[in-house]
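Please keep the sequence and the model at hand while reading.

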Amino acid sequence: MAGEIPNLAESKLTALVVDDNLVNQMMHHKLLDRLGIRNDVVCNGQEAVDAHCSGRNYDLILMDMEMPIMNGIQATKRLREMGIESKIAGVTTRAEEEERKEFMEAGLNDFQEKPLTISKLVSILHNLDFYVQT
Amino acid sequence: MGKFMQGYLDEQFMELEELQDDANPNFVEEVAASYFKDSARLINNIDQALRRGPLDFNRLDSYMHQFKGSSTSIGASKVKTECTMFREYCRAGNAEGCLRTFQELKKEHATLRKKLEHYFQVQASDQLCVINQLQNMC
């Protein structure tokens with residue numbers, strides 16, 4: 001892994017990991033922790049929507065695409081309909097052009113292919129203006 | 001990671017190791033434990049689905065999508081390759097191909113499990129050596 005890992009603890013950013021896969025949940029949670037970003041984890045799109053309905057809000061949402069009950073596309077659309085303006089980054093192994101387009105059009109701000117790494121996450125943060133790479 | 005694991009784990013495993021720190025000294029082992037718990041469940045589901053006839057290729061593909069996802073995240077390259085092949089056979093509606101590939105996948109998965117168990121044992125043993133050496137120096 002090249003380059004220094006930025007510490008964004010002072011920026012007090014918050015994030016929500018939305019993924020049904022336990023291994024991915026652990027990884028993404030730890031990746032965000034490592035960057036100093038406080039984060040919660042939920043298992044599907046419905047839980048992400050419920051979290052926001054209960055009054056929670058996040059600067060960044062890492063949204064998986066394929067999940068049971070409510071998938072990432074449906075959840076992204078619903079959150080945008082609710083007026084949620086958080087930055088949403090889609091993260092998925094499904095990277096075919098059509099699927100990516102549909103996911104982006106649901107209301108994403110950015111997209112990254114899984115598996116996420118520190119450098120991919122830093123790239124998301126840079127693209128969404130949370131962090132300026134030097 | 002060493003030659004022992006080469007071919008079985010790719011650079012994604014090294015990403016996991018980079019995330020391990022003093023706050024979570026057993027992070028990699030915990031992720032591996034979750035992976036094997038989850039993959040055991042998926043193997044069981046796929047086993048049962050393969051015994052039912054006619055095969056539900058959509059369901060099988062869905063299980064294997066999950067399996068491939070986890071395997072990719074932990075860096076299990078050989079298992080991931082078998083998952084990809086299995087999914088191709090699903091899409092082609094090739095039952096024999098699915099069955100054959102699934103047997104290979106289970107073998108690779110079992111081998112990876114043994115290798116990782118050994119790897120973590122060696123790591124724990126190395127750490128104990130370091131602690132003993134430090135204690136002897138005091």
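This is a predicted model: local features need pLDDT of at least 70, side-chain atom pairs count only at pLDDT 80 or more; totals for chains, interfaces and linings use all residues.

Residues are numbered from 1 along each chain as its sequence is written, chains are lettered from A and ligands numbered from 1 in the order in which they are written, and side-chain values use heavy atoms, with hydrogens and water left out.

**The largest pocket**

A pocket is an open set of points on a 1 Å grid over the protein atoms alone, where a 1.4 Å probe fits, with protein on both sides within 12 Å along at least five of seven lines; its lining residues have an atom within 4 Å of a point. The volume is the space filled by probe spheres set on the points. For the largest pocket this space is about 330 Å³. Its lining has 19 residues, and those nearest the centre are Asp20(A), Asn21(A), Glu66(A), His65(B) and Gln66(B). Two or more lining residues come from each of helix H1 (22–34) of chain A and helices H2 (27–51) and H3 (57–74) of chain B. Helices (H or I, at least four residues) and strands (E, at least two) are DSSP runs, numbered from the N terminus. H3(B) gives the most to the lining, 5 residues. Sorted by class, the lining has 4 nonpolar, 9 polar and 6 charged residues; Ala, Val, Leu, Ile, Met, Phe, Trp, Tyr, Cys and Pro count as nonpolar, Asp, Glu, Lys and Arg as charged, and the others, Gly among them, as polar.

The expected span in the table is 1.5 Å times one less than the number of residues in the helix.

| Helix | Length | Span, first to last C-alpha | Expected span |
|---|---|---|---|
| H4(B) | 16 residues | 23 Å | 22 Å |
| H5(B) | 43 residues | 63 Å | 63 Å |

Buried means under 20% relative accessible area, exposed over 50%, and partly exposed in between (1.4 Å probe, protein chains only). The buried residues of H4(B) include Val79(B), Cys83(B) and Phe86(B), and the buried residues of this helix pack against H2, H3 and H5 of chain B. Just after H4(B), Gly93(B) has a positive phi of about 65°.

At the start of H5(B), a side-chain oxygen of Asn94(B) comes to within 3.3 Å of the backbone nitrogen of Glu96(B). Among the buried residues of H5(B) are Phe102(B), Leu105(B), His109(B) and Leu112(B). Their cover includes H1 (11–19), H2, H3 and H4 of chain B. Thr111(B), also in H5(B), is partly exposed at 28% relative accessible area. Its C-alpha atom is 9.8 Å from that of Val79(B), 32 residues apart along the chain.

Ile88(A) lies in strand E4 (residues 87–92) and is buried, at 0% relative accessible area. Beyond neighbours within four places in sequence, Ile88(A) has contacts (heavy atoms within 4.5 Å) that include Ile61(A), Met63(A) and Leu108(A).

Which side chain makes a polar contact with that of Asp64(A)? The partner is Lys114(A), at 3.1 Å. A polar contact is a pair of N or O atoms within 3.5 Å; within protein, one must be able to donate a hydrogen and the other to accept it, and residues adjacent in sequence count only if both atoms are side-chain atoms. Asp64(A) belongs to strand E3 (residues 60–64) and counts as buried at 5% relative accessibility.
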